[in-house]
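Hi,

Here is the structure I promised to pass on. Have a look at it first, and then read my notes below.

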Amino acid sequence: MADATIKGLPPPPKSYDGSSHRVLIVHARWNATIIDALVSGAVNKLKEQGVKEENIVIKSVPGSYELPFATKQLISGAQVQSSNSAPSLLNASTTNLVNLLSNEAVSGGASITPTPASGASTGPFTSAIAIGCLIKGSTMHFEYICDAVTHGLMKVQLETGTPVIFGVLTALTDDQALDRAGVGRGPNGKGHNHGEDWGLAAVELGAQTIEWS
Ligand code: DLZ
């Protein structure tokens, strides 16, 4: 394979057109500098792949632990709403919760205010990216949250049939996380923004899911 890399995302076997895609980004707010860089990186690559700005829906939650629940609600809320005949599975409190999850623009990077053309903040989405940054502290908290979030996000994509890209950094130090968000401060440069890889993966998986269905 040409251009093979040891680490990182190698180029896809073919190019994918994201112009018909609608992509959900759900991100945690903990470790904001890193999160902002990762979200900007993902958005930039989505746009490069042809995803329209109005078809990128960005929602925030407090921390990474909240990512699986919010991602599931936002993906499946749309499936409930998009069916005229199906009875609503959302009760009032769940609907309120979905509405309370905040819409926001990316700060610090590409300035966008994602407003889906349909006005809907829930799906249908071609793919989703869940972005968080967990940094190890002195207790077992890190291990428990990493485990719960990883399994939770896997469950969401298998249950909903919508690909969910795993955009959660699990770093042992601040510098590891900064390097992986492309905002490193070490002698070897700024590192690589993994958010860009997640944007590319979202379009690739979205296109393949359409192809395979
Ligand atoms: C509580 C906590 C801690 C200590 N560290 C992080 C972190 O590094 N990254 C992150 O995304 N969230 C962290 N949180 C918050 C939890 O994910 C969660 O929001 C709270 O436990 C409330 O459920």
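This is a predicted model: local features need pLDDT of at least 70, side-chain atom pairs count only at pLDDT 80 or more; totals for chains, interfaces and linings use all residues.

You'll find Glu159 in helix α4.

Now the overall layout. The protein has six helices and five strands, and from the N terminus they come in the order β-α-β-α-α-β-β-α-β-α-α. There are 213 residues, and 42% of them count as buried. If you take the contacts with a separation of 6 or more, 79% are between residues 24 or more positions apart.

Val26 is in strand β1 and counts as buried, with 28 C-beta neighbours inside 10 Å. Leaving out residues up to four places away in sequence, Val26 touches Lys59, Val61, Leu67, Ala70, Thr71, Leu74, Ala128 and Ala130. Lys45, on the other hand, is 19 residues from Val26 in sequence and 16 Å from it in space, C-alpha to C-alpha.

Gly167 belongs to strand β5, which covers residues 164–171. Is Gly167 buried or exposed? It is buried, as 29 other C-beta atoms lie within 10 Å. The residues Gly167 touches, again not counting those up to four places away, are Leu38, Ala42, Ile129, Ala130, Ile131, Gly195 and Trp198. His27 is 140 residues away from Gly167 in sequence, yet the C-alpha atoms of the two are 8.7 Å apart.

Asn31 is one for the backbone: this residue is not a glycine, but it has a positive phi of about 65 degrees. Asn31 sits in the loop between β1 (23–28) and α1, and with 21 other C-beta atoms within 10 Å it is buried.

On to a pair of helices. α1 (residues 32–48) and α6 (residues 194–212) pack with their axes 7 Å apart, at an angle of about 40 degrees. That angle makes α1 oblique to α6. The crossing of these two helices is right-handed. On the α1 side, the contact is made by Ala37, Leu38, Val39, Ser40, Gly41, Ala42, Val43, Asn44, Lys45 and Leu46. From α6 come His194, Gly195, Glu196, Trp198, Gly199, Leu200, Ala202 and Val203. Sorted by class, this contact of α1 with α6 has ten nonpolar, six polar and two charged residues.

Last, the ligand. Which residues come nearest to the ligand? Of the 15 residues around it, they are Ala28, Trp30, Gly63, Ser64 and Tyr65. Two elements, β4 (127–135) and α4 (141–160), each give two or more residues to this shell. β4 gives the most, with four residues. By class, the shell around the ligand divides into eight nonpolar residues, six polar and one charged.

That's what I have for now.

Best wishes

Conventions:
Residues are numbered from 1 along each chain as its sequence is written. Axes are lines fitted to C-alpha atoms, for helices over the stretch in contact, and angles run from 0 to 180 degrees between N-to-C directions. Angles under 35 degrees count as roughly parallel, over 145 as roughly antiparallel, 65 to 115 as roughly perpendicular and the rest as oblique. A crossing is left-handed if the near helix is turned anticlockwise from the far one by less than a right angle, and right-handed if clockwise. Two residues are in contact if their C-beta atoms, placed from the backbone, lie within 7 Å. Ala, Val, Leu, Ile, Met, Phe, Trp, Tyr, Cys and Pro count as nonpolar, Asp, Glu, Lys and Arg as charged, and the others, Gly among them, as polar. A residue is near a molecule or strand if its C-beta atom, placed from the backbone, lies within 6 Å of it. A residue is buried if 20 or more other C-beta atoms lie within 10 Å of its own, exposed if 12 or fewer, and partly exposed in between; C-beta atoms are placed from the backbone.
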